[in-house]
Amino acid sequence: MQWSVVGGLVQAGPDLLLVANRRRDGRIDWSPPGGVVDPGEVAVEALTREVAEETGLFVTEWSGPVYDVEVEFVDLGWHLRVASFLAVSWQGEIAVDDPDGIVQEARFLAAADCRPLLDTSPVWVADAVHDWLDAPWTAPRSFRYVARGIRQYELDVERR
């Protein structure tokens, strides 16, 4: 199975927008907003739709991708590709109305407040965002991982 996913770095000054995602097992993890690219969608169109659904914010211009992530789930036969973009301009107020019922909350947070929340996310989400918060970059970066195991929260993940 192959997944194509998009993520958005939306900032208000130095603060970064994160969303709380409730997973099937009841766990909550935090990440930048985003989601799956539907068949026939272009990545930035999918991202604009996802950010609006999850946060109520309307991004009018994106740059990037700023970074991409690739995860090979060896034992599950899955392959995940994530392209993450930076919001150049956006408008609106936060209003969570996720039609999938996954996003429970959205907040702009200072970097120091993002870090412990991101630690609830998979390493392939947290690593890139931590690096971005440490020192934003201009040239695209890539993050590659191999994950072994069959249970989402018990994977052995190696960064390549």
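User: Hi! Where does Pro65 lie?
Analyst: Hello! Pro65 lies in strand S6. Keep in mind that this is a predicted model.

User: And which peptide bond there is cis?
Analyst: The bond running from Gly64 to Pro65 is cis, and its omega is near 20°.

User: OK, stepping back. How many helices and strands does the protein have?
Analyst: There are three helices and 10 strands. Starting at the N terminus, the order of elements is β-β-β-β-β-α-β-β-β-α-α-β-β.

User: What about the overall dimensions?
Analyst: The C-alpha trace spans about 40 × 35 × 35 Å along its principal axes. The radius of gyration is 15 Å, which agrees with the value near 15 Å for a compact globule of 160 residues.

User: How much of it is buried?
Analyst: Buried residues are 42% of the 160 residues. As for contacts with a separation of 6 or more, 62% of them come from residues 24 or more positions apart.

User: New topic: how many aromatic pairs does a search of the whole structure find?
Analyst: The search finds eight. One of them joins Phe73 and Trp124, an edge-to-face pair with 5.4 Å centre to centre and 90° between the planes.

User: Which parts of the chain does that pair link?
Analyst: Distant ones! Phe73 belongs to strand S6 (residues 58–73) and Trp124 to helix H3 (residues 123–134), 51 residues apart.

User: Are those two buried or exposed?
Analyst: Phe73 and Trp124 are both buried. Another edge-to-face pair is Trp132 with Trp137, at 5.1 Å centre to centre and 85° between the planes. Trp132 and Trp137 are buried as well.

User: Last one: what does the lining look like by class?
Analyst: The lining of the largest pocket has 23 nonpolar residues, 12 charged and eight polar.

Key:
Residues numbered from 1 in each chain as written. Predicted model: local features only at pLDDT ≥ 70, side-chain atom pairs only at ≥ 80, totals over all residues. Heavy atoms only, no water. Phe/Tyr/Trp six-rings, centres within 6.5 Å; stacked < 30°, edge-to-face > 60°. Helix = DSSP H or I, 4+ residues; strand = E, 2+ residues; numbered from the N terminus. Buried < 20%, exposed > 50% of the residue type's maximum accessible area, 1.4 Å probe, protein only. Nonpolar A, V, L, I, M, F, W, Y, C, P; charged D, E, K, R; others polar. Rg over C-alpha atoms; globule rule 2.2 N^0.38 Å. Contact = heavy atoms within 4.5 Å.
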